[in-house]
There are 2 protein chains.
Amino acid sequence: MAIIVQKYGGTSVGTIERIKHVADRVIKTQQAGHQVVVVVSAMSGETNRLLALASEIATQNNPREVDVLVSTGEQVTIALLAMAIQARGFKARSYTGGQVRIITDDAHSKARIKQIDDEKIQQDLQADTIVIVAGFQGTDEVGNITTLGRGGSDTTAVALAAALKADECQIYTDVDGVYTTDPRIEPQAKKLDKITFEEMLEMASLGSKVLQIRAVEFAGKYNVPLRVLSSFETAQTAGSGTLISLEDDDVEAPLVSGIAFSRDEAQIKVTNIPDKPGAAFVILALVSDANIEVDMIVQNASHQGIANLTFTVPRGDYQRVVDILHQAKDILGDSEIIGDDTIVKVSLVGVGMRSHAGVATKMFQILANENINIKLISTSEIKISTVIDEKYLELAVRALHKGFGLAQ
Amino acid sequence: MAIIVQKYGGTSVGTIERIKHVADRVIKTQQAGHQVVVVVSAMSGETNRLLALASEIATQNNPREVDVLVSTGEQVTIALLAMAIQARGFKARSYTGGQVRIITDDAHSKARIKQIDDEKIQQDLQADTIVIVAGFQGTDEVGNITTLGRGGSDTTAVALAAALKADECQIYTDVDGVYTTDPRIEPQAKKLDKITFEEMLEMASLGSKVLQIRAVEFAGKYNVPLRVLSSFETAQTAGSGTLISLEDDDVEAPLVSGIAFSRDEAQIKVTNIPDKPGAAFVILALVSDANIEVDMIVQNASHQGIANLTFTVPRGDYQRVVDILHQAKDILGDSEIIGDDTIVKVSLVGVGMRSHAGVATKMFQILANENINIKLISTSEIKISTVIDEKYLELAVRALHKGFGLAQ
């Protein structure tokens with residue numbers, strides 16, 4: 001008998017009909033011989049409804065009280081799902097984060113789970129009871145309600161799976177798995193049967209928003225097999241989604257697993273910086289002091305002792321960065337600041353790159369064949385990212401998808 | 001410095017505007033030099049909205065899960081009120097029933113408070129923080145969420161006031177106090193400045209629905225002065241409501257404090273019962289076995305060893321009682337069952353009756369003068385109840401109100 005943790009997001013529990021559908025699926029899993037723990041989000045729209053009430057009071061509210069407010073969303077769902085399972089004649093029991101003793105730090109609205117007491121859950125599972133836990137929430141050590149931040153229900157599910165030593169953590173969502181790239185851009189995109197935690201992290205952080213990054217990190221750290229599945233497929237069409245797990249040494253890893261991209265990018269180039277130690281630091285410190293996240297950073301020394309520094313920031317922060325740098329003329333001296341907020345990032349991701357040379361060369365060749373100019377390059381062990389003009393995004397994704405044979 | 005507990009019902013916190021209005025009132029109380037604890041209900045309509053969701057799942061749901069569901073209503077209000085107070089620059093902190101350790105028994109949906117841990121509240125009050133507590137809810141000893149039943153927020157307020165040894169428990173509602181009778185029937189009805197717990201209990205149980213009976217009982221038991229006030233009056237027009245407290249020996253109590261009435265009544269008369277011990281018991285046992293509450297009971301032995309038994313039940317149970325008695329013909333033998341569901345109960349209430357004879361006589365005289373026939377009479381130390389035809393209700397209330405000089 002296996003312990004399975006299933007997580008259903010807001011859309012999957014968005015109406016009473018859908019909650020009943022989830023109840024059916026959960027019961028089916030139990031009847032297949034498993035012990036089931038279910039983690040649910042607030043019904044879609046509910047968190048926004050609650051936040052809208054708060055915003056009628058003030059634009060900025062006390063984070064402790066915001067957590068008290070929004071945590072009611074999941075509490076409603078756990079009760080309704082428990083009722084739906086009970087109405088079908090099966091045993092179920094709901095728990096808020098606080099009741100099941102999900103202890104977090106006290107960082108309201110972005111708390112991190114420190115500890116889970118699984119005693120009550122284990123007792124319920126022994127008694128054939130389906131356990132339903134509110135996602136996204138916990139309490140700090142003195143009993144204040146905390147939330148893990150948006151999407152934190154994924155993290156709750158993975159943390160519970162780790163604490164219970166579950167055999168699998170299944171994340172039900174509105175897509176049926178992780179794809180080689182976004183099917184809206186490349187209709188030939190193929191669902192991946194499996195992918196490693198590392199690849200999934202790169203895919204997620206690069207803009208394929210299937211899973212919370214933190215949840216994937218957590219799953220990787222505790223080696224909890226994660227499976228992404230669609231909650232909307234009927235029993236007839238249900239596939240097995242995508243399994244995210246540790247690298248499997250037995251199988252030859254594919255060279256490239258997928259192509260991720262992000263439109264939320266802007267590029268800043270600072271030229272004519274005196275090429276001496278600390279110059280790049282001063283510039284980047286100005287940006288990070290304003291709480292702006294810098295992504296790719298490339299510095300190249302040019303001739304005559306001066307350097308150019310290029311970096312990317314989220315597109316929403318672009319104008320602020322330009323303003324900050326212009327106001328720092330006394331520091332930057334003769335430097336020229338050249339910005340571009342019409343760029344995108346396209347990346348190849350794959351653990352196979354570790355053991356194969358020439359992937360980058362092939363990537364640049366494919367893009368060159370399409371006359372796409374690469375503005376920036378950044379590489380890591382399992383990914384290669386390029387910055388290109390946004391008008392070439394679709395062309396680049398399709399060319400790379402075809403060039404690396406991902407549709408086969 | 002006094003500790004004041006204030007309770008605001010669902011209508012008083014029914015919109016964000018009203019919650020802000022409550023925040024102003026609470027702050028004003030603190031600025032008058034008091035330590036303030038606020039108990040709030042769910043925003044009006046919210047509990048019904050949640051119950052409607054549950055009823056889409058099943059007509060009868062597990063009471064434990066219903067409590068998990070509906071307790072979110074008050075949790076939303078405490079967070080919003082805390083935010084509203086904080087937005088005005090004052091310190092506030094919200095607590096769910098479970099967080100403030102309101103421990104109840106495990107009778108879901110009608111739990112009774114067993115214990116309150118006031119340590120956190122006292123600490124907050126010492127730090128000039130306004131404490132906001134979710135009414136209507138608690139947890140049982142193993143941490144399951146419980147609710148006290150509809151209107152239970154009054155009970156929460158009184159229980160907190162008792163635990164904190166508060167100087168006054170103020171119940172803000174949509175009326176500005178307790179009246180000598182219902183002003184919709186007698187426009188001359190006068191607000192009472194004070195009334196005793198016992199009188200309030202009789203007024204409430206007889207149909208003047210200002211306060212929860214259980215809350216008044218609790219207040220009486222722990223001698224917590226209760227004050228009913230309107231939350232809709234502006235600062236200019238605000239009166240001091242009605243104070244409900246122990247009998248004051250210094251002041252000559254008025255003969256009659258008020259006139260209560262109830263339309264929710266039906267009368268059953270069983271005639272020709274053999275006048276022997278146990279006959280009445282058998283009949284009433286049939287009714288109470290069906291979980292129907294019997295209110296007034298009058299038995300009179302008539303001539304020739306047979307008796308008549310007359311009793312009243314809630315009007316909604318009338319037909320069931322008639323059916324039950326007809327099906328028990330073998331027990332009742334030749335008895336005749338005569339029902340009447342067009343009757344009402346009108347009662348005089350007043351602690352002054354204890355020390356004054358002749359109140360009943362005067363009451364009967366006033367009704368006789370109006371040609372109103374009295375069908376049943378029942379008396380206690382501080383009340384006299386009569387059953388009359390429902391068509392005479394308004395006439396009787398007005399005649400008694402005038403006859404006992406209540407408008408002066």
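Guide: In this predicted model, B:Arg227 and B:Glu168 form a salt bridge, their closest N and O atoms being 2.6 Å apart. B:Arg227 belongs to strand β11 (residues 226-230) of chain B and B:Glu168 to strand β9 (residues 168-173) of chain B, so the pair ties together parts that are 59 residues apart in sequence. A salt bridge here is a side-chain nitrogen of Lys or Arg within 4 Å of a carboxyl oxygen of Asp or Glu. Helices (H or I, at least four residues) and strands (E, at least two) are DSSP runs, numbered from the N terminus.

Some conventions apply throughout. Residues are numbered from 1 along each chain as its sequence is written, while chains are lettered from A and ligands numbered from 1 in the order in which they are written.

Are the two partners buried or exposed? B:Arg227 is buried, at 16% relative accessibility, and B:Glu168 is also buried, at 14%. Buried means under 20% relative accessible area, exposed means over 50%, and partly exposed lies in between (1.4 Å probe, protein chains only).

The side chains of A:Lys383 and A:Glu202 meet in a salt bridge, at 3.4 Å from N to O. This pair links distant parts of the chain, 181 residues apart: A:Lys383 is in strand β18 (residues 383-389) of chain A, and A:Glu202 is in helix α6 (residues 197-205) of chain A. With a relative accessibility of 16%, A:Lys383 counts as buried, and A:Glu202 is buried with a relative accessible area of 16%.

The salt bridge between A:Asp182 and A:Arg184 has an N to O distance of 2.9 Å. Here A:Asp182 counts as buried at 18% relative accessibility, whereas A:Arg184 is exposed, with 75%. A:Asp182 sits in the loop between β9 (168-173) and β10 (194-196) of chain A. Residues up to four places away in sequence aside, A:Asp182 touches A:Ala189 and A:Phe261, contact meaning heavy atoms within 4.5 Å. A:Asp182 and A:Glu17 are 165 residues apart in sequence, and their C-alpha atoms are 29 Å apart in space.

Across all chains, the structure holds 34 salt bridges. Chain A is superposed on chain B by a rotation of 180 degrees with 0.0 Å of shift along its axis, giving an RMSD of 0.1 Å. The two copies are thus related as by a two-fold rotation axis. The same surface serves both copies, since 100% of the contact residues of chain A recur in chain B. For this comparison, copies are superposed by least squares on the C-alpha atoms of residues with pLDDT of at least 70 in both. A:Thr72 is the residue of chain A that comes closest to the rotation axis, with its C-alpha at 2.7 Å.

Chain A is divided into domain 1 (3-249) and domain 2 (259-403), with bounds that come from an automatic or database domain assignment. The C-alpha centres of these two domains of chain A lie 35 Å apart. Their contact takes 17 residues from domain 1 of chain A and 20 residues from domain 2 of chain A.

In helix α12 (residues 393-403) of chain B, the buried residues include B:Leu393, B:Val397 and B:Leu400. The buried residues of α12(B) pack against β13 (258-274), β16 (336-349), α11 (359-369) and β18 (383-389) of chain B. Just after α12(B), B:Gly405 takes a positive phi of about 65 degrees.

A positive phi is also found in A:Arg101, a residue other than glycine, where the value is near 60 degrees. A:Arg101 is placed in the loop between β3 (92-95) and β4 (102-104) of chain A, and A:Arg101 is partly exposed at 43% relative accessible area.

Notes:
This is a predicted model: local features need pLDDT of at least 70, side-chain atom pairs count only at pLDDT 80 or more; totals for chains, interfaces and linings use all residues. Side-chain values use heavy atoms; hydrogens and water are left out.
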